[in-house]
Amino acid sequence: MEDAHLIAQLRRHSRAALEDAIRRYTSYVSVTVWRTLAGGGTATREDVEEVVSDVFLALWEHAGELREGGNLRPWLAAVARNKAIDRLRRAPAPVLPLSDTDAAPQPGPQEAAEQREWAERLWQAVDAMDEPDHTLFLRYYWYGDRLKDVARDLKLNLSTAKSRLLRGRKALREELMKGGECP
């Protein structure tokens, strides 16, 4: 179903269209939310799932306001970022240690920058994966879903899912090694 047709169906409050939008865009919205929440340093799986649910609830509630013939992806990205930022604003401030001896050793600026760069390269590599590998990696490694559940939902044989994970890890390793040393 193309976005224009999907939007037209959503404007008529078609539950099937909402289910199709959820199926098509959950991984995209999840990554957008995670990247926004990760900037606050307190992203948990539950936080990401809750914000993603809020995004699709907003889609349902504001479906009548969607521009006909438009593209759903940018609208979902904007709503996902805004909902994630709202979540960060509501999050309690982190507890700071009373003294330097109470604090865990923090990486230096150079090491922190390298870790951020490494994480960004990893996300770009996973984002570039084709389906169903992209969804398989996100659900298994990020969300921690059981492999047999993910394989069933993606209509894959369990051994096929394992093989795809193995080949995907190998491809990610090769892609990340192009830029230099792996940590």
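This text walks through a predicted model of one protein chain, from the whole fold down to single residues.

This is a predicted model, so local features need pLDDT of at least 70 and side-chain atom pairs count only at pLDDT 80 or more, while totals for chains, interfaces and linings use all residues. Residues are numbered from 1 along each chain as its sequence is written, and side-chain values use heavy atoms, with hydrogens and water left out.

Start with the whole chain. The protein chain holds eight helices and zero strands. Its pattern along the sequence reads α-α-α-α-α-α-α-α. Helices (H or I, at least four residues) and strands (E, at least two) are DSSP runs, numbered from the N terminus. The protein chain has 183 residues, and 34% of them are buried. Buried means under 20% relative accessible area, exposed means over 50%, and partly exposed lies in between (1.4 Å probe, protein chains only).

Now look at contacts. A contact means heavy atoms within 4.5 Å. Take the contacts in the protein chain with a separation of 6 or more: residues 24 or more positions apart account for 64% of them.

Next comes helix α1, residues 3-11. Its buried residues are Asp-3, Leu-6, Ile-7, Ala-8, Gln-9 and Leu-10. What covers them? The cover includes α2 (15-38), α3 (45-61) and α4 (72-90). Just after α1, His-13 takes a positive phi of about 55 degrees.

Asp-3 sits in helix α1. Is Asp-3 buried or exposed? Asp-3 counts as buried because its relative accessibility is 10%. Its side chain makes a polar contact of 3.1 Å with the side chain of Arg-24. A polar contact is a pair of N or O atoms within 3.5 Å; within protein, one must be able to donate a hydrogen and the other to accept it, and residues adjacent in sequence count only if both atoms are side-chain atoms. Leaving out residues up to four places away in sequence, Asp-3 touches Arg-24, Tyr-25, Gly-70, Asn-71, Leu-72 and Arg-73.

Glu-65 lies in the loop between α3 and α4. Glu-65 and Ile-7 are 58 residues apart in sequence, yet their C-alpha atoms are 9.9 Å apart in space. Glu-65 counts as exposed because its relative accessible area is 63%.

Turn to the pair α2 and α3. Their axes are 9 Å apart, and the helices pack at an angle of about 135 degrees. Therefore α2 is oblique to α3. Axes are lines fitted to C-alpha atoms, for helices over the stretch in contact, and angles run from 0 to 180 degrees between N-to-C directions. Angles under 35 degrees count as roughly parallel, over 145 as roughly antiparallel, 65 to 115 as roughly perpendicular and the rest as oblique. On the α2 side, the contact includes Leu-18, Ile-22, Tyr-25, Thr-26, Val-29 and Trp-34. On the α3 side, Val-48, Val-52, Phe-56 and Trp-60 are among the residues involved. By class, this contact of α2 with α3 has 15 nonpolar, two polar and two charged residues. Ala, Val, Leu, Ile, Met, Phe, Trp, Tyr, Cys and Pro count as nonpolar, Asp, Glu, Lys and Arg as charged, and the others, Gly among them, as polar. An α-helix has 3.6 residues a turn, so residues three or four places apart point the same way.

A second pair is α6 and helix α8 (residues 158-178). These helices pack at an angle of about 95 degrees, with axes 10 Å apart. So α6 is roughly perpendicular to α8. Asp-133, Leu-136, Phe-137, Tyr-140 and Tyr-141 of α6 meet Ala-161, Arg-164, Leu-165, Gly-168, Arg-169 and Leu-172 of α8. The contact of α6 with α8 has seven nonpolar, one polar and three charged residues.

Stay with α6 for the last stop. Thr-135 lies in this helix, which spans residues 133-142. Thr-135 counts as buried because its relative accessibility is 15%. Setting aside neighbours within four places in sequence, Thr-135 is in contact with Ser-27 and Leu-154. Thr-135 and Thr-26 are 109 residues apart along the chain, and their C-alpha atoms are separated by 9.1 Å.

Glu-131 belongs to the loop between α5 (109-127) and α6. Glu-131 counts as partly exposed because its relative accessibility is 48%. Its side chain makes a polar contact of 2.6 Å with the side chain of Thr-135. Another polar contact, of 3.3 Å, joins the side chains of Glu-131 and His-134.
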